[in-house]
2 protein chains.
Amino acid sequence: MESGGKSSKDKVVAVVGGGLVGALNACYFARRGFQVEVFESRDDIREAKIVRGRSINLALSHRGRQALSRVGMEEKIVSKGIPMHSRMIHSLNGKQSPIPYGKKGQVTVCVMCRNAGLAERYPNAKMNFDHKLWLWSPTHVLLLWLEGRPDGSAQSLQADLIVGCDGAFSTIRKQFLRRSRFNFSQTYIPHGYLELTMPPVAGEFAMKPNYLHIWPRNTFMMIALPNLDKTFTCTLFMPFDEFEKITTGDDVMEFFQEYFPDAIPLIGVEALKTDYFRLPAQAMVSIKCSPYHINDKCVLMGDSAHAVVPFYGQGMNAGFEDCIVFDEIMDQCNEDFSAVLPEYTRVRVPDDHTIADLAMYNYVEMRAHVNSKWFLFRKKVDDILHFLLPKKIVPLYTMVTFTRIRYHEALQRWHWQNKVINQGLLVCATGAVLGGSYLIAKHPPKIQSIPIEKVWDRLLSLKV
Amino acid sequence: MESGGKSSKDKVVAVVGGGLVGALNACYFARRGFQVEVFESRDDIREAKIVRGRSINLALSHRGRQALSRVGMEEKIVSKGIPMHSRMIHSLNGKQSPIPYGKKGQVTVCVMCRNAGLAERYPNAKMNFDHKLWLWSPTHVLLLWLEGRPDGSAQSLQADLIVGCDGAFSTIRKQFLRRSRFNFSQTYIPHGYLELTMPPVAGEFAMKPNYLHIWPRNTFMMIALPNLDKTFTCTLFMPFDEFEKITTGDDVMEFFQEYFPDAIPLIGVEALKTDYFRLPAQAMVSIKCSPYHINDKCVLMGDSAHAVVPFYGQGMNAGFEDCIVFDEIMDQCNEDFSAVLPEYTRVRVPDDHTIADLAMYNYVEMRAHVNSKWFLFRKKVDDILHFLLPKKIVPLYTMVTFTRIRYHEALQRWHWQNKVINQGLLVCATGAVLGGSYLIAKHPPKIQSIPIEKVWDRLLSLKV
């Protein structure tokens with residue numbers, strides 16, 4: 001395709017950041033024929049060792065899979081992951097109860113890929129590791145690099161487009177911040193996280209592998225995700241001031257005895273006491289900004305545009321979906337960057353802002369609501385209605401995780417559904433009370449009282 | 001007073017930014033005996049000429065006056081300003097209607113002071129103009145300056161405390177942004193502003209001087225504030241895309257003919273056509289952050305901590321009140337910075353965030369609601385109730401502008417009042433309808449219909 005007199009094969013796209021979104025973006029641009037240069041400040045991260053305690057596992061679901069599928073990479077990645085059908089709730093007494101994600105066949109895949117050599121199949125895409133960005137100009141689309149050489153010599157590149165995929169603490173975004181009328185927010189949550197490893201037992205997973213295990217404990221919680229090597233990565237989410245109270249191995253044991261007793265034998269007492277102090281608790285940030293572009297020169301994608309807290313499992317999926325959305329707009333606007341970039345901002349900002357908000361909402365839900373009977377009951381009602389009216393009533397989690405309905409539309413639809421369902425439940429409850437009163441009036445009281453707990457349990461045990 | 005083995009007179013406080021809040025802060029610290037060094041990147045701004053089109057006038061009200069009064073500067077500043085008792089609404093047909101701010105004697109003073117040589121009276125306070133901050137370290141409390149000399153030589157200062165008063169685009173705040181768990185947001189509104197001058201007529205003000213003149217026009221508006229030289233500074237607030245549509249002198253005239261016809265002869269046709277294009281429309285930003293401090297080393301105050309949009313006239317007042325609040329906490333914590341700084345963040349953040357939100361809310365109110373009859377009616381009801389129950393019902397504007405009730409408490413109280421008043425109005429309305437129905441039933445209809453417009457006008461013309 002032609003635009004501005006230069007064909008795509010004469011145009012240079014500089015992708016800054018060689019992580020997941022950067023590497024996938026490189027494929028999308030390479031596929032269109034652009035000269036793609038990916039710059040990554042770290043060593044070749046495909047070869048680097050896994051850093052223990054610093055690697056939240058990633059949940060790949062529909063949006064991410066669609067984005068991979070367009071460049072023929074879906075199967076390669078999915079085969080390296082472990083499918084998860086359900087959440088598994090661990091109560092304080094060690095009881096485990098599954099809550100399915102969606103309908104049969106709707107699974108999330110737990111992956112630990114980093115960039116998985118995505119862009120290597122394209123001769124017109126080049127990965128440059130150990131290249132640290134030093135300076136860049138959005139007006140001249142000029143980048144200066146410090147190569148990782150002892151003499152620290154600099155290298156420059158004149159690009160036609162700069163794609164900033166350099167993560168939540170993006171260097172590219174700093175230039176945006178210096179410009180007028182750039183909206184930006186970064187919000188740290190009061191919780192930090194800490195990772196622990198649960199080793200295999202006799203060569204097998206220590207718990208059922210095809211689940212996202214959750215220990216909800218109101219103000220804090222732990223989750224565990226399965227890895228291909230039969231370990232689980234357990235992540236403890238807790239307010240920083242609670243982390244600060246635990247300073248010795250004995251404190252750790254006391255804390256786990258009280259809140260996660262069933263996890264102690266599985267992680268191992270000694271491992272728990274050591275691993276807990278390997279790294280300090282890490283902070284989590286939610287980042288929103290707008291616009292995502294500077295003229296026809298530069299665009300932000302992935303975490304650099306919208307870092308989200310990890311409680312909806314959509315961080316990577318949203319970043320991957322950015323690539324599809326951009327690609328679709330490239331088609332609509334004939335690869336004319338001066339039209340593509342503003343349109344990308346217009347279309348994508350409301351969706352990314354919504355998923356950031358939803359992740360924040362889930363931050364509350366996962367800790368508190370998963371324990372609440374009303375929440376479980378409403379989830380059951382939603383599931384029954386979705387079974388009866390599969391097109392009309394779709395649970396929010398399903399829309400977000402297993403469809404490509406735009407995030408902000410999914411949220412609007414959910415608000416509408418909630419209104420309708422709650423009104424329906426009110427009508428049913430009123431009917432039941434009136435009907436009940438009538439029956440009691442007709443047949444004098446010989447009714448056996450049932451504890452409310454049992455009613456809940458019966459409702460929740462209904463199978464759909 | 002002693003703290004950390006060093007007396008206050010041995011301690012150096014570096015105030016970065018010599019604007020209004022910086023200069024006032026210098027007074028507060030100097031009064032306590034600290035060695036105060038104020039650094040300002042610009043030339044001596046007391047001597048600099050007024051930049052036309054870049055100087056939103058400032059409304060000094062109760063909070064700001066209290067802060068000045070503590071250092072004996074209130075009268076000096078107030079005598080240089082013009083008191084404003086009311087807002088004056090200009091309707092499209094040129095009709096002017098006053099809306100008082102509060103009770104008699106409650107006035108806002110329009111001032112154009114910059115730093116007014118506030119800190120000069122203290123021998124232990126030094127103003128350093130033309131000093132540009134180059135580097136600084138929050139851990140070593142070390143600042144490096146570039147003096148405004150041809151050789152560009154650098155100068156360093158080791159301080160005990162750094163006070164960042166360097167405005168909405170603060171250099172000091174940039175170091176905060178690099179630290180983990182610093183929450184920050186900057187939100188630009190879609191409106192820009194542009195200033196025009198309304199000259200005196202035969203040596204006198206062209207309009208009544210003791211008013212804030214407002215031309216509310218829904219999506220945009222103009223205001224005018226009086227200056228000591230008998231001119232008015234008119235500020236036009238309008239969405240940027242509307243500004244972009246006006247490109248010629250004739251466009252300006254057409255636009256003013258349609259929306260502000262009464263202002264044309266007062267500003268003057270030729271002045272209007274030229275001044276309008278002197279500078280491009282300026283952006284307005286709302287900035288919130290937290291925490292305001294780094295350890296016991298550095299603290300942000302004024303616009304660097306909380307830039308607000310200019311629609312509540314509280315920007316300078318909130319910045320001045322920062323100085324009192326900090327001063328009060330200095331007393332409570334015996335000038336121990338390690339206790340004062342976290343306490344200042346704890347106390348002040350919720351109030352500053354509230355005034356930022358209220359200013360944003362007024363951004364809508366001033367444009368739209370001032371034209372709405374329900375808004376005017378509710379304002380009238382509030383005023384009547386405030387007259388009858390002066391301690392129970394206080395209009396929000398009065399609490400914000402004429403008291404030192406903490407901003408966030410004023411907002412909470414306003415929500416409570418609104419609930420009570422709206423319920424009361426509902427009861428009255430129901431009573432009136434029932435009573436009316438009864439009367440109509442008793443005395444068959446011979447009632448003359450009154451247009452609703454007249455009812456409003458009668459209600460609004462009630463004098464309190």
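**Note on a predicted two-chain model**

1. A:Val13 has A:Leu161 as its bridge partner in S14(A). Two strands pair if DSSP finds at least two bridges between them. Strands (E, at least two residues) and helices (H or I, at least four) are DSSP runs, numbered from the N terminus.

2. On provenance: this is a predicted model, where local features need pLDDT of at least 70 and side-chain atom pairs count only at pLDDT 80 or more, while totals for chains, interfaces and linings use all residues. Residues are numbered from 1 along each chain as its sequence is written, chains are lettered from A and ligands numbered from 1 in the order in which they are written, and side-chain values use heavy atoms, without hydrogens and water.

3. The sheet in chain A is open and has 6 strands, in the order S10-S4-S3-S14-S21-S20, with mixed pairing. Its edge strands are S10 (125–128) and S20 (293–294), each pairing on one side only.

4. Helix H1(A) lies across S3, S4 (35–39), S10 and S14 of chain A. Its direction is at about 170 degrees to S4(A). Axes here are lines fitted to C-alpha atoms, for helices over the stretch in contact, and angles run from 0 to 180 degrees between N-to-C directions. Contact means heavy atoms within 4.5 Å.

5. H1 (residues 20–31) also packs with H9 (residues 315–332) of chain A, at an angle of about 20 degrees and with axes 9 Å apart. The two helices are therefore roughly parallel (angles under 35 degrees count as such). Residues of H1(A) in this contact include A:Leu24, A:Tyr28 and A:Phe29; among those of H9(A) are A:Phe320, A:Cys323 and A:Met330. By class, the contact has 11 nonpolar, 2 polar and 2 charged residues. Ala, Val, Leu, Ile, Met, Phe, Trp, Tyr, Cys and Pro count as nonpolar, Asp, Glu, Lys and Arg as charged, and the others, Gly among them, as polar.

6. Chain B superposes on chain A by a rotation of 180 degrees with 0.0 Å of shift along the axis (RMSD 0.1 Å). That is the relation of a two-fold axis. In chain B, the C-alpha nearest the axis belongs to B:Ser185, 2.0 Å from it.

7. B:Glu74 sits in helix H3 (residues 74–78) of chain B. Leaving aside neighbours within four places in sequence, B:Glu74 is in contact with B:Arg65, B:Leu68 and B:Ser69.

Notes
Parallel < 35°, antiparallel > 145°, perpendicular 65-115°, else oblique. Least-squares fit on C-alpha atoms with pLDDT ≥ 70 in both.
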